[in-house]
Amino acid sequence: MSRFSQPDPELSHRLSRRGMLGVAAGATAAALLGAAAPATAAPATASTGTAAGAKGRGRPVLPPGRLGIQLYSLRDKVSTLGFGPVFAELERYGYDEVEFAGYTQGSAGPITLAQLKRLARNHGLNPIGSHVGYYSDDPNAYTFAQNLTKVLDDAQALGLKHIGTAAGPFRYGSTVDAWKRAAEDFNTYGAAARARGMKFYQHNHSEEFSFATDNPKVRLYDVLLKETDPDLVYLEMDIYWAYVGQFRFSKRPDGTPAPFEPLNYVLRRPDRYPLFHVKDGESDPSNPYGYRMTDVGDGDIDYQRFISAVTRLRGHRLAHHWQAEHDNPSESFTFARRSSAHLHSLREKC
């Protein structure tokens, strides 16, 4: 997957997340969820918080009912407290939706899918999507490639409208033909999801924006967009990782310029991006990734600009879902509270 000899935090994130994704409801996942952090929820609402934003009297940038959170960010709290207390905090912070990264509670005890669905709805949270592994060498793995029917059964039981993967399309390699093969896989999963009334989606990291090893003039992300059926395969842009990709891959391997703007991908094909990960980073050109991940509102990614540009498109005000995320927050409830406060504070420029 990664072609780097140095330690790769992006790869480590993908591998650690993959460990969570394969577990079905009721299984024990304490080891996968990691060590639990102390339960120190701050009694606050979305209207409180210190994150700076473009505040004022204009229309809120964030559409009503469309703020979610990727539960991977709160895995420590889920494993120690269970979904119920976590959902209660998210309700207090003003969240509308949740995106799953596994359906277990770890050491907090087992839970059925029916209980999980009811618990989310009881706290005013709409289960909007879930990340599941793409493929595995284990024929019994909980992945799209190995257990597509089970994956879709579980998503349907939860009432999900979207079901996807955070794995990159590197299953067959990094050539153009390899990504065409992966696109065929994704089209298959997308057709099966559509037959159940769901949308299949892929979540990017930064390496999707790298170049094909057999044709360094071709950006791999462009192959994915071209070779997947737009009626079957959708994208969840992780905005942070897309800007990391911009930092890393705005030049081809031979050094010739190849600039791109992540937002333009969305503006050209807004119907293909029902979901977004809202993740922030502080610019740091000395870092090989160009950014250091921060809580939403503490970084340099202009979410007032990005979200406004998408939601101002005709017919797209309510067409997208915005999921806050931090891969490793220093305190996950604080991250969730402050991120919601910041995003709710943003106002469109007059």
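What percentage of the 350 residues of the protein count as buried? In this predicted model, in which local features require pLDDT of at least 70 and side-chain atom pairs count only at pLDDT 80 or more, whereas totals for chains, interfaces and linings use all residues, the share is 56%, with buried denoting under 20% relative accessible area for a 1.4 Å probe and protein chains only. Residues are numbered from 1 along each chain as its sequence is written, and side-chain values rest on heavy atoms, with hydrogens and water left out.

The protein contains twelve helices and ten strands, taken as DSSP runs numbered from the N terminus (helices H or I, at least four residues; strands E, at least two). Strand 4 pairs with strand 5 (residues 199–203) in the parallel sense over four bridges, and glycine 164 has tyrosine 201 of strand 5 as its bridge partner.

Glycine 68, located in strand 1 (residues 67–70), is buried at 0% relative accessibility. Beyond its neighbours within four places in sequence, glycine 68 is in contact with Tyr95, Glu97, Trp322, Gln323 and Ala324, contact meaning heavy atoms within 4.5 Å. The C-alpha atoms of glycine 68 and histidine 321 are separated by 7.0 Å, although these residues are 253 residues apart along the chain.

Note on methods. Buried < 20%, exposed > 50% of the residue type's maximum accessible area, 1.4 Å probe, protein only. Pairing = 2+ DSSP bridges.
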